[in-house]
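Dear colleague,

Please find below the structure that I am handing over to you.

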Amino acid sequence: MSDDLRTAAPERPLRADARRSIDRIVTAARALVEEQGPAVSLDEVAKRAGVAPATLYRHFPSRMHLFETVYRSRMLTVLERAPELSSGHEPMDALLLWLHEFIDFSIESHRVLTVLLSQGLQETDPSANAQWGRAQVVPVVARLLQPAQRAGGIRGDLTADELVALVTGLTFAVDFREGRPDVRRAGALRTMELLIDGLAPR
């Protein structure tokens with residue numbers, strides 16, 4: 001895991017053992033969220049990671065610190081899928097498949113954030129988190145979007161920044177729909193398909 005994922009880590013370089021502890025904590029937290037949801041306790045994360053609770057709290061003083069790091073890690077995993085999809089699919093298909101995965105990730109991360117905020121926690125730095133996310137996502141979307149535009153699948157004047165804004169807004173809007181999570185997800189994907197159809201070349 002790269003150092004920029006460690007939002008709660010000290011500024012000086014970490015020792016190798018501290019870095020390994022953080023990696024184990026983040027891996028354990030990711031697994032437990034998938035199994036139990038965002039209500040999982042930090043003590044349970046420490047137990048799964050095989051570290052003392054004091055070690056976890058030293059690096060992540062709150063659940064928000066930990067989950068921000070977890071979802072930065074998850075985002076990078078989604079971003080790393082782009083080259084694989086590009087090499088195995090036609091440009092427009094690669095873009096659409098990646099957007100599906102990004103929407104799934106965005107819905108999940110926003111759901112977790114909503115739960116944490118409802119428990120009285122606050123983001124460590126909302127503006128910095130948003131800027132970090134856009135800085136990671138926009139270049140990847142550009143590398144998927146440009147081949148799709150050259151292939152004539154999507155209008156050529158659309159920028160990656162605009163597409164990210166449209167899709168991000170879509171995922172936030174889905175939280176205001178009623179119904180089961182799978183129904184809301186299906187609605188989000190359907191809305192994305194309508195959006196992409198509307199962005200076909202004129």
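What does the accessible surface of the protein chain come to, and what percentage of it belongs to carbon and sulfur atoms? The accessible surface is about 10,700 Å², and 54% of it belongs to carbon and sulfur atoms. Accessible areas were computed by the Shrake-Rupley method with a 1.4 Å probe, and for residues only the protein chains shown count as cover.

Two remarks on conventions are needed before the details. This is a predicted model, in which local features need pLDDT of at least 70 and side-chain atom pairs count only at pLDDT 80 or more, while totals for chains, interfaces and linings use all residues. Residues are numbered from 1 along each chain as its sequence is written, and side-chain values use heavy atoms, with hydrogens and water left out.

Overall architecture

The protein chain contains 9 helices and 0 strands, where helices (H or I, at least four residues) and strands (E, at least two) are DSSP runs numbered from the N terminus. Its radius of gyration is 18 Å, close to the 17 Å that the globule rule gives for 202 residues, so the chain is as compact as a globular protein of that length. For that comparison, the radius of gyration is taken over C-alpha atoms, and the globule rule is 2.2 Å times the number of residues to the power 0.38. Along the principal axes, the C-alpha atoms fill a box of roughly 60 × 40 × 30 Å.

Of the 202 residues, 43% count as buried; buried means under 20% relative accessible area, exposed over 50%, and partly exposed in between (1.4 Å probe, protein chains only). Among contacts between residues at least 6 apart in sequence, 68% join residues at least 24 apart, a contact being heavy atoms within 4.5 Å.

Charges and salt bridges

The chain carries 25 positive and 27 negative charges, and their mean positions are 4 Å apart. Lys and Arg count as positive and Asp and Glu as negative, whereas His and the chain ends are not counted; the place of a charge is NZ of Lys, CZ of Arg, CG of Asp or CD of Glu.

A search of the whole structure finds 7 salt bridges, each defined as a side-chain nitrogen of Lys or Arg within 4 Å of a carboxyl oxygen of Asp or Glu. Among them is the pair Glu-34 and Arg-74, with an N to O distance of 3.9 Å. This pair links distant parts of the chain, as Glu-34 is in helix α1 (residues 16-36) and Arg-74 in helix α4 (residues 63-79), 40 residues apart. Glu-34 is exposed at 57% relative accessible area, whereas Arg-74 is buried at 12%. Both residues also belong to a network of salt bridges that includes Glu-108.

Another salt bridge joins Asp-161 and Arg-134, whose closest N and O atoms are 2.6 Å apart. Asp-161 lies in helix α8 (residues 160-173) and Arg-134 in helix α7 (residues 126-150), so the pair ties together parts that are 27 residues apart in sequence. Both partners are partly exposed, Asp-161 at 39% and Arg-134 at 32%.

Arg-155 and Asp-157 also meet in a salt bridge, at 2.6 Å from N to O. Here Arg-155 is buried, with a relative accessible area of 17%, while Asp-157 is exposed at 52%.

Individual positions

Which residues does Gln-149 touch, not counting those up to four places away in sequence? They are Ile-154, Arg-155, Gly-156, Asp-157 and Leu-158. Gln-149 itself is in helix α7 and is buried, at 17% relative accessibility.

Ala-29, in helix α1, is buried with a relative accessible area of 0%. Not counting residues up to four places away in sequence, Ala-29 touches Val-45, Leu-66 and Val-70. The C-alpha atoms of Ala-29 and Val-40 are 8.3 Å apart, the two being 11 residues apart in sequence.

Ser-109 is placed in helix α6 (residues 91-118) and counts as buried at 18%. Its C-alpha atom is separated by 9.6 Å from that of Arg-72, 37 residues away along the chain.

Leu-121 sits in the loop between α6 and α7 and is partly exposed at 23%. Leaving aside neighbours within four places in sequence, Leu-121 is in contact with Arg-63, Met-64 and Leu-116. Leu-121 and Ser-62 are 59 residues apart in sequence and 8.4 Å apart in space, C-alpha to C-alpha.

Yours sincerely
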